[in-house]
Amino acid sequence: MATALLPTAPNPEVSDTTGDAQSCISRQQKNAAMDIKKLKREEALEYHAKGRPGKIEVIPTKEAKTQRDLSLAYSPGVAEPCKAIKENPENIYKYTAKGNLVAVISNGTAVLGLGDIGPEASKPVMEGKGVLFKIFADIDVFDIEINEKDPEKFVAIVKSLEPTFGGINLEDIKAPECFYIEEQLRKQLRIPIMHDDQHGTAIISSAALLNALDIQKKKIEKTKFVVNGAGAAAMACVRLYIELGAKYENFIMFDKDGVLHKGRTDLDDLKKKFAVDKPDWDLAKAMKDADVFLGLSVGNVVSKEMIKSMAKNPIVFAMANPDPEISYEDAIAVRKDIIMATGRSDYPNMVNNVLGFPYIFRGALDVRATQINEAMKLAAVKALAELARKPVPDIVNLAYNQRNLSYGPEYIIPKPIDPRLLSTVAPAVARAAIESGVAQRTIQNWDEYALELNKRLGLDNQLMRIISNKARRAPKRIVFAEADNLKIIKAASIVYDEGIGYPILLGVEEDIIRIANENSIDISDLPIIDPRSEACADKREFYGQIFFQKRQRKGFNRYESFKRMKDRNHFGCMMVETGDADAMISGLTRNYADAIRPALQIIGTDEGVKNIAGMYLLLTKRGPLFLADTTINFNPSAEELADITLMVAREVRTFNLIPRIAMLSYSNFGSSNSYEAKLVAEAVQIVKQRNPSLIIDGEMQASLAFNNEILKDNYPFSDLVDQDVNVLIFPNLTSGNIAYNLLKELGGADAIGPILLGLKKPVHVLQLGSSVRSIVNMALIAVVDAQMKCKLDTEAEIQKTKWWKKRRLKKN
C-alpha cells in the first residue's frame, strides 16, 4: 500500500488521506506485498553469490610478476626458507604466514540457531567469522569444515593441522562434545585454542557484569544469580563469573529439563557444582530477590512480574537472539532501577562476541602464546570493563548520535565500533600471556606495540560502519527522483529495510510497481508520487509559485515555472526546500549538470559559499581518502581553490576526522615557476590565512603526499611531515576527475560520491550508472548530511519521523 507522505498529526494510525502532500499519493498498490522473509533470503543469497562466490580470498603478499619473482617465490628460491626452518623451527614465524594465520574450524553440529546442519552448510558462517577476524584485527583466516562428529577423531584431525596455523578458533560445535574437544586440543597443542561460542560470550558478559555490579553497588561474592540455559556459552559464563569471585552456592541454573538439582543423574561434573538441594525450583520462584538474571536460552520466557520480584537494582542479561528472554521495553517499563543487556544492536549494552575474539587472538599471536589461558581471558574482561569507564571518542558518539555517551546504566561495555578496542584488549591479553608464562615472545615497548596495532587497520577504516550507525540513529526522508529505475528501487528497498532512511519514490506509479514486482522487491510501504499526475496539480501549483518567486528575474516566466514542476528533479528539490523531505538523490540516468541545476536554482548555496564543489570519498586500505574538486569547477582561481579546500575541510570534520590536506600540482614547493604551480601555492597561503589551525601544505606532487620518508628527508619544513594525508585537493577539474577514475578502477578502492558541497540543503547527484551499493552509500551520506543541515526543530517534525519509524517496525 502506498503510505501517507506527511502525516499532519503524530497519530501512527493517521489516515492516508490527510495532509497537503497526501493528495499526491496513490491510495493503494494492489498485489504489491511481498513476503519479507523471502526478500531477505534472496538478498542474502545474492550477496554471497555475486561476483566471486563466498566472502574471502587469498592474496599474494610478495611480488610475483617476473620470472625472478617466481624463482624466489617457488623453486629454486623457496628451498632456502625451508632449510632455515628445518634448522630452527621458530623460523616458521619469520618466513611464513603462520604467525598471523588462524583456522576457524567446525563440524557444523551447532550452527547459529539452525542446529546440526553439517559441515558444508556451515561454511558461510565460518567464512563470515574469517571476515570479522580480518576487518577488526587484521588476522588472516582459513576456514576448515570437518566431516567428523566423533570427538576423538575430530581432535586428531585438528591436531594434525598444528604446523599450519598460529591459532585455532573452534566454532559451532555442539555440547557436550565441544568441552571435550577444546580441553584435549589445549592439552595436546602448543598454539592458542579457543571455542568462541563458549568463551566469547563469557568474556564480554563478564566485562559487562563487572561494570553493572559497580554501578548497582553490589559485591560479586554476595550476588545471587539465576541462569536460564546450561549450554556451552552459559557454562563458560558461570565458570568465568566464579573466577571473578562469584560463589557456587549463589547460583540457580535451569536447562530444558528444569532446575539443576542434586537429584538429577544426567549432570556432568561441572554442572553438579551448580546443582541445588531443592528440585521444585521454577524460574518464577528463583527470580524472587535475585540480583542477576543471565539468559542464554529462548525468547520471552521471563515475565514482567518476574522482573518486578527481583532484588533492588537488578541486572538482567537477556541474550537469546533474536528475541530476548524478556524484551528491553518490558524490562525497563517495570523497573527504573534495572541495568539491561541483550544480544541485539538496537538496544543499549549489546553483548557481542566481536568485542573479544579478534583482539584476544591478536594479543595471543603477537607473543606466540602456547594457549589462551584463564589469565588471558580475565585480562580481556578487565580491559573491556575499564575501557567502558573511559571517555568515549567523538567518532563513537557520532555513530550513535550521542553528544556524550558515558559510563552508566546504558553504557556498561564498549561499542563494537570503538577504535580503541584493538590497542586496548590485545596488549592486555599479550601482557597476561607473558606474565602467566605461556608467551614465547616478549614485547619490549608497549607504546610502540599499541601504535603498530592502530596502524594495522588504520583507525579511520571503520568510517562507513560509523556513518551507517549514525544514519540509523536518526533516519531522514530521502526523495529518489528516478524511481522507475531498477537500481534505484533496489537501493530504496535496502535503505528502508535497513532503517537508514525513509524513501519517497518519484515517477509513474504503475511503472514503479511493475518493475518492483517483476524483480520481487517489496516497496509496499514506500510512498510513490507522480509529479505529472492530476492528483499533484495543487502541489505543483504551490511549488511552481515558490519557484517563480525565486527565478522570476532570472529568465523564467510564470508558465515556465509551473511547467518545471512536472520535472521530477525540480519537484524533488522543491520537496526538500519546503520541508516535505529532508534530502534528494538523483543523477543516475541523466547528465550531471542537468541534475545539479535544479538544486542550485531552488535550494541555492549555503551562507558565504560562492561556488559549490564536488568531492569523492574513497575507502582505501590506508584509510578514507577525500578528493576534490572532481566534478564541478573547471579551472578555479587561487581564491576559488581556497574556498573549495575550506568546504572540504568542514565536510571531513562532520565525519569526526581531522583533515590533513595536500594541495596537489606537478611542482614541489616552488620547483616550477609556472602559472599553474604558483596558483596552488597561492591557494595554500589563502587557506592558512583564513584557518591557521588546518594541517595543510603544497604545492606538491601526489606521490610526495604519501611518501613521508622522502618528504621528511627533502622538505622537513612541510606541515605534512609525519602526518597521514587524507584529503587531496586538485588544481583543476581535469586532474581531479582523471585521478578519481583511475584510483576507483585500478586502485581497488570503494568510491562514494560525488558528494556535493556548498548547498543549503542535502541534494546529492549520483554518477551515471552507479551500482546499487554506491546508491545506498550515497543515501547514508545524504542522511548524515540532513542530520547536520535539517535538524528537527519542531515537535511536529519529530512526530513525523517517529510515525515513519513506527510504521517500519510494524511491517518488520
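In this predicted model, helix α27 (residues 675–690) lies across strands β17 (660–664) and β18, and runs at about 165° to β18.

Strands of a sheet pair through backbone hydrogen bonds, in either a parallel or an antiparallel sense. Here, six strands build an open sheet with mixed pairing, and their order is β18-β17-β19-β16-β15-β20. The edges are taken by β18 (695–700) and β20 (750–757); each has a single partner strand, so one side of each is left without a neighbour in the sheet. On average, and with direction ignored, neighbouring strands of this sheet are turned by 20° against each other. Within the sheet, β16 (residues 623–628) and β19 (residues 727–729) pair in the parallel sense over three bridges. A handy landmark for viewing is Phe-626, which stands opposite Val-727 in β19.

Attention then turns to a pair of helices. Two packed helices are described by the angle between their axes and the distance between the axes. For α24 (residues 568–578) and α25 (residues 592–602), the angle is about 35° and the axes are 9 Å apart. Their crossing is right-handed. On the α24 side, Asn-569, His-570, Cys-573, Met-574 and Glu-577 take part in the contact, meeting Asp-594, Ala-595, Pro-598, Ala-599, Gln-601 and Ile-602 of α25. Sorted by class, this contact of α24 with α25 comprises six nonpolar, three polar and two charged residues.

Definitions and conventions: Residues are numbered from 1 along each chain as its sequence is written. This is a predicted model: local features need pLDDT of at least 70, side-chain atom pairs count only at pLDDT 80 or more; totals for chains, interfaces and linings use all residues. Side-chain values use heavy atoms; hydrogens and water are left out. Axes are lines fitted to C-alpha atoms, for helices over the stretch in contact, and angles run from 0 to 180 degrees between N-to-C directions. Helices (H or I, at least four residues) and strands (E, at least two) are DSSP runs, numbered from the N terminus. A crossing is left-handed if the near helix is turned anticlockwise from the far one by less than a right angle, and right-handed if clockwise. Contact means heavy atoms within 4.5 Å. Ala, Val, Leu, Ile, Met, Phe, Trp, Tyr, Cys and Pro count as nonpolar, Asp, Glu, Lys and Arg as charged, and the others, Gly among them, as polar. Two strands pair if DSSP finds at least two bridges between them.
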